[in-house]
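Please look over the structure shown below before reading the notes. They are meant for a student new to protein structure.

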Amino acid sequence: MTATESYDIVVVGCGIAGITAGLRAAERDLSVAILEKAPKKHRGGHTQFTESFRIPTEDIELEQDVEFNVEDYSASDFYSDIMKVTHYRADEDLAEVVTQEAAETFEWLTAQGMEWEYQAPHPGYTAGRVWLDGEEMIDELVDVLEDKGVDIYYNAEARGVNRDDNGRVDSVTVFLDGQRTEFEAGATILAAGDYGSSKEKRTRYYGPGYGNMKVRGSRYNTGEVIDAAIDAGAKSDGEWGDAHMALIDAGSPDVEGGITRIDGYQYGLILNHDGERFVDEGEDSRAHTYAKFGQRIFEQPYHEAFIIVDSKVVDDVAHMGPSRAITADSIESLIHRLDIENVEQAVETVEEYNDACDPDAAEQYEPEVLDGNSTDGLALPKSNWALPLDEPPYTGYPVTGGMTFAFGGIAITSDAEVLDTTDSIIPGLYGAGNVTGGLFYNNYPGGTGLTNAAVFGKVAAESAVEYILSK
């Protein structure tokens, strides 16, 4: 016989979206279960590999002493950043909820006992943020969950979202330690993350070769919960053929590498094996380009490219990857040491770039802002920080693209209610975090993923509680 468990609210996923949902529901004295696909030691999904939480610091009011890297970042600034980098395709209602509720959610998490780290301002970080250790965050908040009486089930793989004769979602089919178990619920919140860790889905949605892309986060985010929701009638939303694909160290692990980025690339050049530039490195701040440049890099020969800087800006580069930086006293020598295939073209590309730079650009260099130092006459310009590479030693970093999370998912309302394919609400079903789509297109403002998940986890729980109480 199939085992059965019953709760007021069942949450699928134990990342920040699922945790905030569980915390908020438990505050209303409802029975809550959280189902985590991973074993306990790997709990937390992609959240365990995160480091920052984007918030409108201008709106924060706390008794605790918390330092922010940017003090005057507003909810309007946050909203504008989301809309700008997504080319105004982001769902306006979802973006409004994330940006307007971020400050309150941050304050609420802080009141739960969450401790934040301070990181001094770094060039390219122009938005309000707090920093954290993702794994420690999971541990701290799970302790709070357990203190509130929330039951957490590990090795619990959700495979079915079930609806009764009236269309209401009344249970989730789960394989718990391999045994089929039905978790009955008054309301169900899906917060199980994206599909980006699935080789099959990466190949299906992004194309040949993407199955070999390195995965920065959890190996367990393979999208079965999204499939189950769609099988139950949920509408899909978002850009399924796009994702947050960060620029990372080429020597990063194949999976669960975490934070192996190389920041500061915008102050130098990025060349491929053909010796050519293929992006405007200075198009915008790092936070607004690193999540899309990774895909451009992965599409280059051998899925690899090379950042090159000189001694003027090397101190503004933050190398967090496992590989060692490569140095040389000449550009040609560096290119040889980097093993770029077309050495002659690479040298010519750097020379042409240097000729297109303002000779006085170094005097106007401002790494913290878009300084307007641009090239003149290049077919592919560099729009900011266009300083000639002319002061040895020169430093190079091999880089590739790394999968962070996919942009496709299920459709939700601004109250986190899941919609069906007729745009009607599916009773009793809610979604939060990367299991949902509609917020990110083309690009991603750094630090927003964690904020989106936390905000909508809390919103989903509040909506689910209201639904249960109304019944």
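Predicted model: local features only at pLDDT ≥ 70, side-chain atom pairs only at ≥ 80, totals over all residues.

Residues are numbered from 1 along each chain as its sequence is written, and side-chain values use heavy atoms, with hydrogens and water left out.

**Salt bridges**

- Side chains of opposite charge can pair when their charged atoms come close.
- The structure holds 24 salt bridges (a salt bridge is a side-chain nitrogen of Lys or Arg within 4 Å of a carboxyl oxygen of Asp or Glu).
- One of them joins the side chains of Arg24 and Glu462, with N to O at 2.9 Å.
- Arg24 belongs to helix α1 (residues 16-26) and Glu462 to helix α10 (residues 448-470), so this pair ties together parts that are 438 residues apart in sequence. Helices (H or I, at least four residues) and strands (E, at least two) are DSSP runs, numbered from the N terminus.
- Arg24 is partly exposed, at 23% relative accessible area, and Glu462 is also partly exposed, at 26%. Here buried means under 20% relative accessible area, exposed means over 50%, and partly exposed lies in between (1.4 Å probe, protein chains only).
- Glu462 also forms a salt bridge with Lys458, where the closest N and O atoms are 3.1 Å apart.
- Lys458 and Glu462 are separated by about one helical turn, because they are 4 residues apart in helix α10. Lys458 is buried, at 5% relative accessibility.
- Through shared partners, salt bridges join Arg24, Glu27, Glu104, Lys458 and Glu462 into one network.
- Another salt bridge pairs Asp263 with Arg286, whose closest N and O atoms are 3.6 Å apart.
- Asp263 sits in strand β11 (residues 262-263) and Arg286 in the loop between β12 (269-271) and α7 (290-298), 23 residues apart.
- Asp263 is buried at 2% relative accessibility, and Arg286 is buried at 1%.

**A buried loop residue**

- Where is Thr47 placed? Thr47 is in the loop between β2 (32-35) and β3 (52-54), and it is buried, at 7% relative accessibility.
- The side chain of Thr47 reaches the backbone nitrogen of Ile16 at 2.9 Å.
- Leaving out residues up to four places away in sequence, Thr47 touches Gly15, Ile16, Gly134, Met137, Ile138 and Leu450 (contact means heavy atoms within 4.5 Å).

**Helix α7**

- α7 is mostly covered, with 8 of its 9 residues buried.
- The buried residues of α7 are Tyr290, Ala291, Lys292, Phe293, Gly294, Gln295, Ile297 and Phe298.
- These buried residues pack against β10 (236-249), β12, β13 (305-309) and β16 (394-410).

Note on methods. Polar contact = N/O pair within 3.5 Å; in protein donor to acceptor, adjacent residues only side chain to side chain.
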